[in-house]
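Please read the points below with the model open beside them.

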Amino acid sequence: MSSIPNIFWFLPTGGDGRYLGRSKVARPVSNAYLRQIATTAEFLGYDGLLIPTGSGNLDPFLTAATLANVTHKIKLLLALRPSAEGNPVVFARKIATLDEALNGRLILNVVPGAWSEELKAEGVFLSHDERYELADEFIDLWKRLTLGETVTYKGKYFHVENGRSLFSTVSDPHPPLYFGGSSPIAHEFAAKHIDAYLTWGEPPDQVAEKIRDVKAKAKARGREIRFGVRFQVIVRETEEEAVKAAASLISHLDDHLIAQAQEHQRASDSVGQSRITALHGGDRKKLWIAPNLWAGVGLVRGGAGTALVGSPQQIVDRLREYQALGADTFVLSGYPHLEEAARFAELVFPLLGKESFVAEGNVITGGAFDVPITRANRQAATLLKKAA
Ligand SMILES: Cc1cc2nc3c(=O)[nH]c(=O)nc-3n(C[C@H](O)[C@H](O)[C@H](O)COP(=O)(O)O)c2cc1C
């Protein structure tokens, strides 16, 4: 495993802001802002961008399509709910179209879905495990179609006759599949279909346990899987500043809002969500759950509720611990997403040995007298020699 991890950033297609739970200074979601984050993340050297799906998010497919011509290198990790995608034959064409437009930069995050109530509002009346069964059929069919097979199939959820996809994907044999469910059926699903298993940012011992289980189940099927962890990040030049920034992020949350959000989270039938909610139980006094791991975001946000908080070196030390457990990819975010993408790249990429435009820093900033750093270094060396 490479010691330089893949670092993905997150596209906030549900809105953004500097404080959780305070709408006054929040940023409404707009395509112009999302494009700005995407181009910035690419410019900074991030490897990919996670685009989530849900009733509170702009459509991920259309959002990804608008990014095809403004980005060139960064991969797009696109979340999709098989239960909402209709027929796999149509889906195969859609994926081939998008992957071609992205010249093979597409990755899929398969999301069976965390909230039955939310899904019912969109016409999906399946239980947790039925959604996994559907996803299993869906991905099976999609893979066969993408490999060029003509498919006739009648299963519990799909029925197609002589289904074909005339367009193969640029990625060979197909865009990689990522996925992050935590239930027993989810681990079986991962073992059977998935290239990279993602977990929410739980404490290291809990992540280790999941990795062990998924790895063993994959091995039993003769497969190997990669692993990634999804965290919020709050990095500052010192630990003290980072801890202050964490407190500031939730400084506008009142108890009523927290109680409401916790109730919503408890209504989820996702095992992954309940593991994250259980880390703090909605209690502001129980937010530090492991060294540099803070659960404050989860007081109101579903999903990625834990943040790595600390100095650049502390963040790197923590990431290295998860790498030692087998993770090679981290999917990160911070509020506001535009500014924090830059801050993380500036402060942490150099310590990870990660190439970044900022880390290479070929100008000394300051305005009209900017000069390339190499020239400036030479000049400085000459001046020093003269002074000696
Ligand atoms: C990194 C990561 C990203 C996820 N993204 C989404 C998403 O965009 N939309 C969504 O509805 N669920 C998302 N999920 C939820 C899971 O895909 C899964 O549907 C949910 O946890 C229910 O499965 P479980 O009970 O097996 O945990 C995500 C999970 C992880 C770990």
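1. Pro204, Val207, Ala208 and Ile211 of helix H7 meet Glu321, Tyr322 and Leu325 of helix H11; two residues are in contact if their C-beta atoms, placed from the backbone, lie within 7 Å. By class, this contact of H7 with H11 holds six nonpolar residues, no polar and one charged. Ala, Val, Leu, Ile, Met, Phe, Trp, Tyr, Cys and Pro count as nonpolar, Asp, Glu, Lys and Arg as charged, and the others, Gly among them, as polar.

2. This is a predicted model, in which local features need pLDDT of at least 70, side-chain atom pairs count only at pLDDT 80 or more, and totals for chains, interfaces and linings use all residues. Residues are numbered from 1 along each chain as its sequence is written. Helices (H or I, at least four residues) and strands (E, at least two) are DSSP runs, numbered from the N terminus.

3. The axes of H7 (residues 204–220) and H11 (residues 312–325) come within 10 Å and cross at roughly 25°. Axes are lines fitted to C-alpha atoms, for helices over the stretch in contact, and angles run from 0 to 180 degrees between N-to-C directions. H7 and H11 are therefore roughly parallel to each other; angles under 35 degrees count as roughly parallel, over 145 as roughly antiparallel, 65 to 115 as roughly perpendicular and the rest as oblique.

4. H3 passes H5 in a right-handed crossing. On the H3 side Pro88, Val89, Phe91 and Ala92 take part, meeting Phe138, Leu141, Trp142, Leu145 and Thr146 in H5. The contact of H3 with H5 has eight nonpolar residues, one polar and no charged.

5. The largest nonpolar core has 92 residues, and Leu49, Leu76, Leu78 and Leu332 have the most contacts inside it. Such a core is a set of buried Ala, Val, Leu, Ile, Met, Phe, Trp, Tyr and Cys residues joined through C-beta atoms within 7 Å. Helix H5 (residues 128–146) gives the most to this core, with eight residues. Beyond four places in sequence, the contacts of Leu49 include Phe8, Trp9, Ile74 and Leu76.

6. Ile51 belongs to strand S2 (residues 48–51). Ile51 is buried, with 25 other C-beta atoms within 10 Å; the cut-offs are 20 or more for buried, 12 or fewer for exposed, and partly exposed in between. Pro12 is 39 residues from Ile51 in sequence, yet 7.6 Å from Ile51 in space, C-alpha to C-alpha.

7. Which peptide bonds are cis? The bond from Asp172 to Pro173 is cis, with omega near 0°, and so is that from Tyr335 to Pro336, with omega near -10°. Pro173 sits in the loop between strands S6 and S7, Pro336 in the loop between strand S13 and helix H12.

8. Asn162, in strand S6, has phi near 50°, a positive value in a residue other than glycine. Asn162 is exposed, with 8 other C-beta atoms within 10 Å. Asn292 has a positive phi too, near 60°, but counts as buried with 20 C-beta neighbours inside 10 Å.

Technical notes: A crossing is left-handed if the near helix is turned anticlockwise from the far one by less than a right angle, and right-handed if clockwise.
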